[in-house]
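The following account leads the reader through selected features of one protein model. Please keep the sequence and the coordinates in view while reading.

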Amino acid sequence: MPLSSVFAFESKATTLFKSDADASPGEEEESSSASAALRERRRRRATTTAAAAASSSSSSSSSPSDGGGEVPPPPPAFDYDSPLPDSRYTQALSTTTTTTTTNNEGGLSVASRLRDHYDAVFGDPREPDGRRFSFDPWHVKAGEGKDGEDAPGLPPSDDEDGGHHDVAEGERDAASAQVQYSLTRAQCSDFFPEELFDDLADEMTALGRTIGLTATTNPWISMYMDGDLQNFHTDAPHGPMAWVLGLTRDADFKGGETVLLRPEMLDYWRDFDGSRGLESPSILRYVPSYELGRCLAFDGRVPHGVNRVDGARDVRNCRVVAHGWFADPQVCWFGPWGGGMTTTTEEEGEDGPIGGEEGALDDTLRPLVEALGDGEIGRVTGYLAVRIVISPCGEVSDVRSVCDTLMADPEDFRGVIGYDESDRPVMEDACADVRLTIFEALKGAAFSEGDEGRSAVVPFAFS
């Protein structure tokens, strides 16, 4: 199996670098070398970022006729696109529409056709339709576990507190009574005709490939009526990115936003400012309930939910979404590589790029993976998808971040990791170092000569 087909790996434990001042006898030479390496990394960050910005500026001003310019991936695509050295943690991505051209009538949006089927089923309330019975009215309280057991994570009961007084009297009962999920849902594969479901699956996997994720879980279709909501939860096991496709038409409700805990709340005490108070917009993100055809993808590791819907009592005007999780990171190739292929993953056999191209990428990735795991660079968690643009002469002309949920592993945070030549402290920035290492490696990749318009998305999953 080519190296380029496997990218989920754990970063190895790292060794703590000490500053020269803290070095104990016998460690001065090693520590001095480490500090020099750190200073060099910090210098490379600055110069590489400036060079990437200049390259991006010159590329974006080039016309197709002059042979330069950034080649975007084919639509649909998400809105995040940054020079890799400038990339930062991005909690949510969105796209304006998703379209398919499988029919002969101009290619209606797959979302429109999904909604048309929904309307056909629910459009006439006086006409019975057995297809409605595939929906499950799903109401779960936070304290309800499987098979009659209590849900995990509840506070201890009053008699289990052990005298620590960190649980208020009655808190367990109050937590158990909270609504965790309230909505009506069905599996898309059960509700939609096979051909339409296949179009949805094709559309979402095509969208996922633009960020290096080649599969989606079996999606759900959910409707939210008056009072429905999803309370805060996380979905870390399902895939690197959750997705929600808007199927609402003629909305007659308030609320229904996707609610995400802001990243700064997940590290609240690091930069705590006791001089000011915070209110909900500073604590939570409220992403509007997108109407027909718009897709939101977000980091499912972050506590999130759906804000309570108010007003909708008719299934024809309530919040309706399809949703699932993107999964299976693989290198995805775009453009005219081999065999007339325009979009594929390297697992798709004869339609994939020729073996030499995979080999060229493997030659770049082997030392890169070793560098990311050798312990010199701090540990990170999360997912990073990098798009490389290949010029006709085979050189990499641009390296872009199209999805970035990297966060430094807090168990490996080292604070001040050295001092520069002016004796100023050098702070660890593990995410920036990982991005820079990947940028420098991929920028030097070499491929065969070919047509304009070639690119590849290379995924990196850190756990």
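Which element provides the largest share of the lining of the largest pocket? In this predicted model, that share comes from helix α8, which gives four residues. The pocket itself has a volume of about 1,100 Å³ and is lined by 31 residues. Nearest its centre lie Pro263, Glu264, Asp267, Arg270 and Met407. The elements that contribute two or more residues to this lining are β19 (407-408) and α8 (430-443).

Attention may now turn to the surface. Tyr268, Trp269 and Phe272 together form a nonpolar patch there, with about 370 Å² of accessible area. Trp269 is located in the loop that runs between β10 (258-261) and α6 (280-283). Trp269 counts as exposed because its relative accessibility is 66%, and the cut-off for that class is over 50%.

Helix α2, residues 110-122, comprises 13 residues and spans 18 Å from its first C-alpha to its last, close to the 18 Å expected at 1.5 Å a residue. This helix is mostly covered, with 10 of its 13 residues buried; among them are Val110, Leu114, Tyr118, Val121 and Phe122.

Helix α5, residues 194-209, has 16 residues and reaches 22 Å between its first and last C-alpha, close to the 22 Å expected at 1.5 Å a residue. Its buried residues include Leu196, Phe197, Leu200, Met204 and Leu207, as well as Asp199, Glu203 and Arg209.

Conventions: Residues are numbered from 1 along each chain as its sequence is written. This is a predicted model: local features need pLDDT of at least 70, side-chain atom pairs count only at pLDDT 80 or more; totals for chains, interfaces and linings use all residues. Side-chain values use heavy atoms; hydrogens and water are left out. Patches are made of residues with over 30% relative accessible area and no salt bridge: like charges are joined within 9 Å, nonpolar side chains (Val, Leu, Ile, Met, Phe, Trp, Tyr) within 5 Å. Accessible areas come from the Shrake-Rupley method with a 1.4 Å probe; for residues, only the protein chains shown count as cover. A salt bridge is a side-chain nitrogen of Lys or Arg within 4 Å of a carboxyl oxygen of Asp or Glu. Buried means under 20% relative accessible area, exposed over 50%, partly exposed in between (1.4 Å probe, protein chains only). The expected span of a helix is 1.5 Å times one less than its number of residues. On a 1 Å grid over the protein atoms alone, a cavity is a set of points where a 1.4 Å probe fits but cannot get out, and a pocket is an open set with protein on both sides within 12 Å along at least five of seven lines; lining residues have an atom within 4 Å of a point. Grid points are joined across faces, edges and corners, and a volume is the space filled by probe spheres set on the points.
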